[in-house]
Amino acid sequence: KGCPLHSMGNQTGASENGWLREKLFGETGAQSSVIPALDAALGVEMTDDDLSPYLKKMYEYMPTQHAEFIYAMQRGPDIRAVVMESCSGVESGSNGVSVEAERLVAAYDKCIEELHEFR
């Protein structure tokens with residue numbers, strides 16, 4: 001509620017000390033855009049369940065630039081597609097896929113795993 005912040009987002013007006021106040025929604029406040037940004041970057045899509053309307057509503061309470069960034073990430077480039085395309089490498093490892101591609105896929109999978117674990 002009314003934390004002094006910078007000039008981005010859903011501004012509610014300047015206080016007497018000159019700081020702009022923003023109205024943020026959710027338990028994590030300004031940090032609420034971090035997980036949706038990671039989801040968008042990694043190509044993780046929301047399931048359609050009882051929590052979906054709440055999560056979609058949170059976009060309205062994010063700082064504007066955060067929501068715009070997430071929407072841009074959702075439009076691409078598709079990191080998952082790039083990772084999957086890397087599996088057609090020239091320098092083959094044990095399964096016909098390049099060593100670098102195997103490392104890239106492993107790193108991507110680890111990101112997904114850690115995001116899932118965090119939730």
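Colleagues, let me begin with the basis of the description. The model is a predicted one, in which local features need pLDDT of at least 70, side-chain atom pairs count only at pLDDT 80 or more, and totals for chains, interfaces and linings use all residues. Residues are numbered from 1 along each chain as its sequence is written, and side-chain values use heavy atoms, with hydrogens and water left out.

I turn to the overall fold. The protein has five helices and three strands, where helices (H or I, at least four residues) and strands (E, at least two) are DSSP runs numbered from the N terminus. Read from the N terminus, the order of elements is β-β-β-α-α-α-α-α. Of the 119 residues, 23% are buried; buried means under 20% relative accessible area, exposed over 50%, and partly exposed in between, with a 1.4 Å probe and protein chains only. Among contacts with a separation of 6 or more, 47% are between residues 24 or more positions apart, a contact being heavy atoms within 4.5 Å.

Next, helix 1. Which of its residues are buried? They are Pro36, Ala37, Asp39, Ala40, Ala41 and Leu42. These buried residues pack against helix 3, helix 4 and helix 5.

Let us take the partner helix 3 to start with. Axes here are lines fitted to C-alpha atoms, for helices over the stretch in contact, and angles run from 0 to 180 degrees between N-to-C directions. The crossing is left-handed, a term used if the near helix is turned anticlockwise from the far one by less than a right angle, with right-handed used if clockwise. On the side of helix 1, Pro36, Ala37, Ala40 and Ala41 make the contact, and on the side of helix 3, Phe69, Ile70, Met73 and Gln74. By class, these residues are seven nonpolar, one polar and no charged; Ala, Val, Leu, Ile, Met, Phe, Trp, Tyr, Cys and Pro count as nonpolar, Asp, Glu, Lys and Arg as charged, and the others, Gly among them, as polar.

How do helix 1 and helix 5 cross? Their axes come within 11 Å and cross at roughly 150 degrees, and the two helices are therefore roughly antiparallel to each other. This crossing, too, is left-handed. Ile35, Leu38, Asp39 and Leu42 of helix 1 meet Tyr108, Cys111, Ile112, Leu115 and Phe118 of helix 5. That contact has eight nonpolar residues, no polar and one charged.

I now come to the aromatic residues. The structure holds one aromatic pair. Tyr59 and Tyr71 form this pair, which is stacked, at 5.2 Å centre to centre and 15 degrees between the planes. For the cut-offs, rings of Phe, Tyr and Trp (its six-membered ring) pair if their centres lie within 6.5 Å, and planes under 30 degrees apart count as stacked, over 60 as edge-to-face and the rest as tilted. Tyr59 lies in the loop between helix 2 (52–58) and helix 3, and Tyr71 in helix 3, so the pair ties together parts that are twelve residues apart in sequence. Tyr59 is buried, at 12% relative accessible area, whereas Tyr71 is partly exposed, at 36%.

Two loops remain. Pro77 sits in the loop between helix 3 and helix 4 (79–85), and a cis peptide bond with omega of about 5 degrees joins Gly76 to Pro77. Ser86 is in the loop between helix 4 and helix 5 (99–118) and counts as buried at 18% relative accessibility. Apart from neighbours within four places in sequence, Ser86 is in contact with Ser98, Ala101, Leu104 and Val105.

Conventions
Parallel < 35°, antiparallel > 145°, perpendicular 65-115°, else oblique.
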